[in-house]
Amino acid sequence: MGSSTTTILVLVLLLLGLVQLAVSGHDYKQALSKSILFFEAQRSGHLPPNQRVSWRSHSGLYDGKSSGVDLVGGYYDAGDNVKFGLPMAFTVTTMCWSIIEYGGQLQSNGELGHAMDAVKWGTDYFIKAHPEPNVLYGEVGDGKSDHYCWQRPEEMTTDRRAYKIDRNNPGSDLAGETAAAMAAASIVFRRSDPSYSAELLRHAHQLFEFADKYRGKYDSSITVAQKFYRSVSGYNDELLWAAAWLYQATNDKYYLDYLGKNGDSMGGTSWSISEFGWDVKYAGVQTLVAKVLMQGKAKEHKAVFERYQEKAEQYMCSLLGKSTKNIKKTPGGLIFRQSWNNMQFVTSASFLAAVYSDYLSSSKRDLRCSQGNVSPSKLLDFSKSQVDYILGDNPRATSYMVGYGNNYPRQVHHRGSSIVSFNVDQKFVTCRGGYATWYSRKGNDPNVLTGALVGGPDAYDNFADQRDNYEQTEPATYNNAPFLGVLARLISGPTDFNQQLPGVSPSPSPVIIKPAPVPKKKPTTPPAASSSSPITISQKMTSSWKDEGKVYYRYSTRLTNRSTKTLKNLKISITKLYGPIWGVTKTGNSYGFPSWMESLPAGKSMEFVYIHSASPANVLVSSYSLE
């Protein structure tokens with residue numbers, strides 16, 4: 001056989017192999033599972049018994065203590081050990097949106113529970129970070145000192161100071177995004193845990209009011225965030241974003257009117273944006289408002305909402321190359337926005353395109369572009385092309401999801417994954433020693449950061465798998481959050497989805513907590529609240545850890561007013577308490593409502609926490625009044 005014949009035969013075989021690869025496609029279900037698993041690697045706080053990422057351990061167990069507030073929990077944003085509130089809240093919001101749109105697909109693939117756990121890990125933290133209506137803690141740790149060290153989160157020695165916004169130091173973008181996260185999460189938990197859903201919605205209402213009433217950029221108040229998560233777009237987009245999610249969660253016309261009356265002045269109808277991410281929310285707002293319009297719920301704001309939709313469709317058309325100003329792409333077809341963590345814009349755009357494709361299909365209409373109408377399926381095709389590129393269909397045949405495929409990044413810019421597990425070797429890694437020993441080594445990471453989406457290739461599809469190449473090899477939670485939604489969508493293939501369009505979706509049923517019967521004779525000084533009392537107390541241990549040979553426990557105590565009247569003049573007796581307590585005010589030998597509360601309405605609960613190295617304290621209601 002001649003050399004030319006051999007060459008032709010080899011090419012034919014290669015082509016057949018490529019065809020077979022194209023036919024077989026990617027395992028979206030496996031990618032979905034791994035994408036959700038990544039969030040467990042990013043957990044801060046006391047890890048639960050069902051933690052699946054076994055190379056991680058407890059960390060940040062004293063966060064907030066110096067400020068007198070419990071800020072244990074939440075997520076590290078990327079490859080560092082700082083908890084940044086703005087990207088964390090956006091992560092939770094987009095994760096919730098993924099569940100809201102494609103919860104059925106997540107459930108059928110066995111991942112809905114894991115996804116909801118990931119959301120709750122964030123919202124539990126936000127509840128603690130919002131101890132008063134006009135106070136929100138937006139950062140724990142300092143990026144400058146943290147980036148000076150290369151240490152595992154389990155033993156970090158860096159500054160864990162907590163930073164907050166309040167009425168004198170506002171942060172409308174931070175409070176608005178957190179309100180959006182809480183509102184979206186209230187939808188996620190509405191059926192499975194209605195009381196928790198109601199609690200989330202209460203925080204969302206308060207945070208939105210705080211954001212709207214006391215306006216200002218959060219990085220002007222939390223200045224240490226400026227070099228890491230600067231709010232370039234300002235706060236108008238977050239206010240509209242929060243209003244959109246609160247309307248989705250409540251069907252309250254107040255938020256519909258807010259979107260209608262402020263759409264023009266706040267940029268919702270005028271900004272034509274080529275990105276969607278933790279800083280710029282306009283494309284997300286415009287997509288949600290377009291959904292409301294297609295549902296026929298715009299009412300007197302129809303004209304304004306049509307302008308929102310016009311901008312939403314300009315964004316979608318630019319993704320497809322059908323606009324007057326199209327989004328740039330690499331030669332291999334990946335959309336490209338910036339060299340530093342470009343992946344965040346790829347996954348968010350893919351998710352928006354998939355969602356909008358389904359909205360259009362359900363309303364039986366096409367996408368209207370300046371270069372002609374486009375069928376909804378083209379948007380889903382775009383999403384698939386981006387996902388397939390990420391998973392390996394690219395010029396380098398590299399998967400940019402760690403642990404997926406055979407060729408994926410092995411030297412991820414991530415402190416936890418690049419240092420031997422704390423559970424394997426507890427020898428202390430010093431601040432600078434971590435750089436010398438672990439950061440600079442050329443070997444693969446000792447711990448596989450399964451499911452992490454790294455920053456990705458440059459504008460020419462080039463990628464260098466090197467730990468010090470943080471622009472390309474650092475992962476982030478907000479890369480993964482929208483990705484799980486589009487993966488869940490793609491598992492089902494090119495079928496249409498019924499998104500309750502254009503019909504009006506039903507209003508959510510209010511959460512009603514039925515009060516227990518009130519005793520005929522109300523004692524003025526009752527004993528401990530029992531099951532027949534109008535006030536009930538429940539305690540549970542939420543975490544434990546070991547420090548210098550001693551085991552410490554964190555207890556959560558919930559007091560519920562089950563009467564039909566407002567609870568006032570509360571006095572609580574707490575004995576056998578040997579540690580700090582948060583969420584109540586001490587007066588003499590008794591405890592009462594926290595400083596920001598004067599009463600507890602009927603059917604509502606309050607919560608306080610304490611830490612000590614003993615069994616639960618004795619908590620009794622010593623006196624109260626019902627009015």
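**Exercises on helix packing, cores and strand pairing**

In this predicted model, residues Gln309, Glu313, Tyr315, Met316 and Leu319 of helix H12 meet Ala349, Leu352, Ala353, Tyr356 and Leu360 of helix H13.

**Exercise 1.** Determine how the axes of H12 and H13 are oriented to each other, and which hand their crossing has.

*Solution.* Begin with the axes of H12 (residues 302-320) and H13 (residues 343-362), which come within 11 Å and cross at roughly 120 degrees. Finally, the hand of the H12 and H13 crossing is left-handed.

**Exercise 2.** Identify which residues touch the most other members of the largest nonpolar core, and list the contacts of Trp97 beyond four places in sequence.

*Solution.* The largest nonpolar core holds 151 residues, among which Trp97, Phe305 and Leu367 touch the most other members. Once its neighbours within four places in sequence are set aside, Trp97 is in contact with Trp241, Trp245, Phe276, Gly284, Thr287, Leu288, Phe351, Leu352, Val355 and Tyr359.

**Exercise 3.** Explain why strand E12 is described as largely enclosed, and find its partners.

*Solution.* Of the eight residues in E12 (residues 605-612), six are buried, so the strand is largely enclosed by the rest of the structure. E12 pairs in the antiparallel sense with E7 (residues 550-561) over eight bridges, where Leu559 has Met606 of E12 as its bridge partner. E12 also pairs in the antiparallel sense with E9 (residues 581-582), over two bridges, and here Ile581 stands opposite Tyr610 of E12.

Notes. Residues numbered from 1 in each chain as written. Predicted model: local features only at pLDDT ≥ 70, side-chain atom pairs only at ≥ 80, totals over all residues. Heavy atoms only, no water. Core = buried A, V, L, I, M, F, W, Y, C linked by side-chain atoms within 4.5 Å. Buried < 20%, exposed > 50% of the residue type's maximum accessible area, 1.4 Å probe, protein only. Contact = heavy atoms within 4.5 Å. Helix = DSSP H or I, 4+ residues; strand = E, 2+ residues; numbered from the N terminus. Pairing = 2+ DSSP bridges. Axes fitted to C-alpha atoms, helices over the stretch in contact; angles between N-to-C directions. Parallel < 35°, antiparallel > 145°, perpendicular 65-115°, else oblique. Left-handed = near helix turned anticlockwise from the far one by under 90°.
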